[in-house]
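Take a look at the fold shown here. A short walk through some of its helices follows the display.

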Amino acid sequence: MELAAAASEPATGELPAREAPLEARIWYATLLTRVRGLRPAERLLAGEETVAHGPHRPEAQAARLLCEAEIHLAGGRLTEATAAAEAGLRLASQAGNRGLPPRGHVVMAVCSVRSLDLTTGLLYANRLRDAALLGQENLMPGQCVWAAAQALEARDGMESVAHLLKGILHDDVLTRELLLSQPAAAPWLVRAGQRLGDADLAERTVRTMSRLALTNRSFRSVQAASEHACGLYARDADALEAASARHLDPWARASALEDASRVRSVRVPERDRAVDLLRRAAEAYLSAGASRDLARVQSRLRELDDHGGRPARSRTRVSRLTDTEFAVAELVSQGLTNGRVGSQLYISPHTVAFHLKKIFRKLDVTSRVELARSWNRILVEERADRPAAAPETDFLVRPSMARQAG
């Protein structure tokens with residue numbers, strides 16, 4: 001990190017910061033993004049030159065766009081992340097660069113799975129697999145395997161990726177690269193171990209993440225990931241809520257709330273608290289555009305709370321939809337049949353058709369084609385109507401917090 005910071009500085013103190021080499025700024029911005037220093041990373045990439053008209057070679061322009069895609073994904077902005085990744089991948093292809101695409105493929109796979117576009121997620125999972133076979137994922141192998149595993153798990157279940165997960169944890173390079181770069185990865189692996197009944201997988205993840213936290217005390221994202229993984233392994237709801245408060249990654253924050261709710265829900269006196277945590281998780285997933293996770297949480301809310309716990313939405317047409325109608329509209333707009341929508345949301349095709357009739361009326365559309373054509377525009381209206389996000393918390397752990405983390 002220190003080497004990257006030094007390289008991103010101008011050659012002399014008299015030059016403006018924007019004249020530092022773009023490649024060095026991209027390198028440093030990428031490392032900052034991995035530890036969720038998103039504001040500093042964005043500032044490094046901000047300059048007078050534009051990607052379209054800048055004087056830099058296509059590889060540098062592609063790398064910049066792919067770094068921006070990672071920043072958007074880490075900030076919970078899936079639409080922007082997808083657009084930047086697609087643009088970066090086009091430039092990398094035009095330049096004939098084979099080393100950069102895996103970075104974009106990881107972003108596309110994760111965004112697609114979270115937004116319930118499983119067809120696209122599997123497409124990029126296969127491309128990541130091909131890159132691994134050709135040795136093109138050397139810069140971020142752990143993240144490549146993890147992103148592919150998420151897409152495959154979404155389609156075929158956790159058992160189908162058990163061999164991939166064991167491979168990650170038995171390779172120190174894969175493990176360190178992944179766990180330091182993706183705050184949600186360690187909890188995801190612990191959860192996978194618990195679902196598979198693989199105590200060794202969960203224990204290895206916790207042990208490795210704890211070691212990384214001890215040697216990287218300065219970074220909040222690493223400390224939050226460790227606290228989240230340990231709390232999940234110990235089924236400690238208080239630790240999970242604390243991890244949620246410490247997470248800088250919006251999706252990881254929502255995940256910790258969901259995990260805390262699941263732990264509390266098994267104790268009858270804590271059932272109301274579990275519902276409240278799940279409602280907060282639903283709101284966070286909604287804000288991050290994570291439709292797949294939102295649908296899962298809504299299903300769980302229906303089990304715990306007769307009222308469904310619908311997260312508040314802005315006063316646009318979408319706000320008239322119930323949570324189930326929102327999820328149905330999201331999936332139908334992607335071209336899924338009623339049968340496939342029903343299998344994703346755990347409802348029958350007849351129920352999907354019933355919800356579609358109400359969706360058409362509330363959104364003032366008359367067909368599936370019109371819904372698909374107008375859905376993204378309607379969502380943009382909703383996001384524009386939503387209050388601005390709170391300022392980002394410092395990504396570094398200050399001395400007092402570092403003492404607590406130890």
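Predicted model: local features only at pLDDT ≥ 70, side-chain atom pairs only at ≥ 80, totals over all residues.

The secondary structure of the protein chain comes to 22 helices and zero strands. The chain has 406 residues, and 54% of them count as buried. Now consider contacts with a sequence separation of 6 or more. Residues 24 or more positions apart account for 60% of these.

Turn to helix α6, which covers residues 101-114. Its 14 residues span 20 Å from first C-alpha to last. That is close to the 20 Å expected at 1.5 Å a residue. Is α6 enclosed by the rest of the structure, or open? It is largely enclosed, because 14 of its 14 residues are buried. After the helix comes Leu116, with a positive phi near 70 degrees.

Helix α5, residues 78-95, packs against α6 in this model. The two axes come within 9 Å and cross at roughly 150 degrees. An angle over 145 degrees counts as roughly antiparallel, so α5 is roughly antiparallel to α6. The crossing of α5 past α6 is left-handed.

Which residues meet at this contact? From α5 come Leu78, Ala81, Thr82, Ala85, Glu86, Leu89 and Ala92. From α6 come Pro101, Gly104, His105, Val107, Met108, Cys111 and Arg114. By class, the contact of α5 with α6 holds nine nonpolar, three polar and two charged residues. An α-helix has 3.6 residues a turn, so residues three or four places apart point the same way.

Move on to helix α8, residues 141-156. Pro141 lies in this helix. Is Pro141 buried or exposed? Its relative accessibility is 13%, and the cut-off for buried is under 20%, so Pro141 counts as buried. Leaving out residues up to four places away in sequence, Pro141 touches Leu174 and Glu177. Ala131 is ten residues from Pro141 in sequence. In space their C-alpha atoms are 9.7 Å apart.

Gln143 is also placed in α8. With a relative accessible area of 1%, Gln143 is buried. What does Gln143 contact beyond its neighbours within four places in sequence? The partners are Arg34, Val106, Glu177, Leu178, Ser181 and Gln182. One of them, Val106, falls within the residue range 101-114 of α6. Another, Glu177, is also touched by Pro141.

How values were computed:
Residues numbered from 1 in each chain as written. Heavy atoms only, no water. Helix = DSSP H or I, 4+ residues; strand = E, 2+ residues; numbered from the N terminus. Expected span 1.5 Å × (residues − 1). Buried < 20%, exposed > 50% of the residue type's maximum accessible area, 1.4 Å probe, protein only. Axes fitted to C-alpha atoms, helices over the stretch in contact; angles between N-to-C directions. Parallel < 35°, antiparallel > 145°, perpendicular 65-115°, else oblique. Left-handed = near helix turned anticlockwise from the far one by under 90°. Contact = heavy atoms within 4.5 Å. Nonpolar A, V, L, I, M, F, W, Y, C, P; charged D, E, K, R; others polar.
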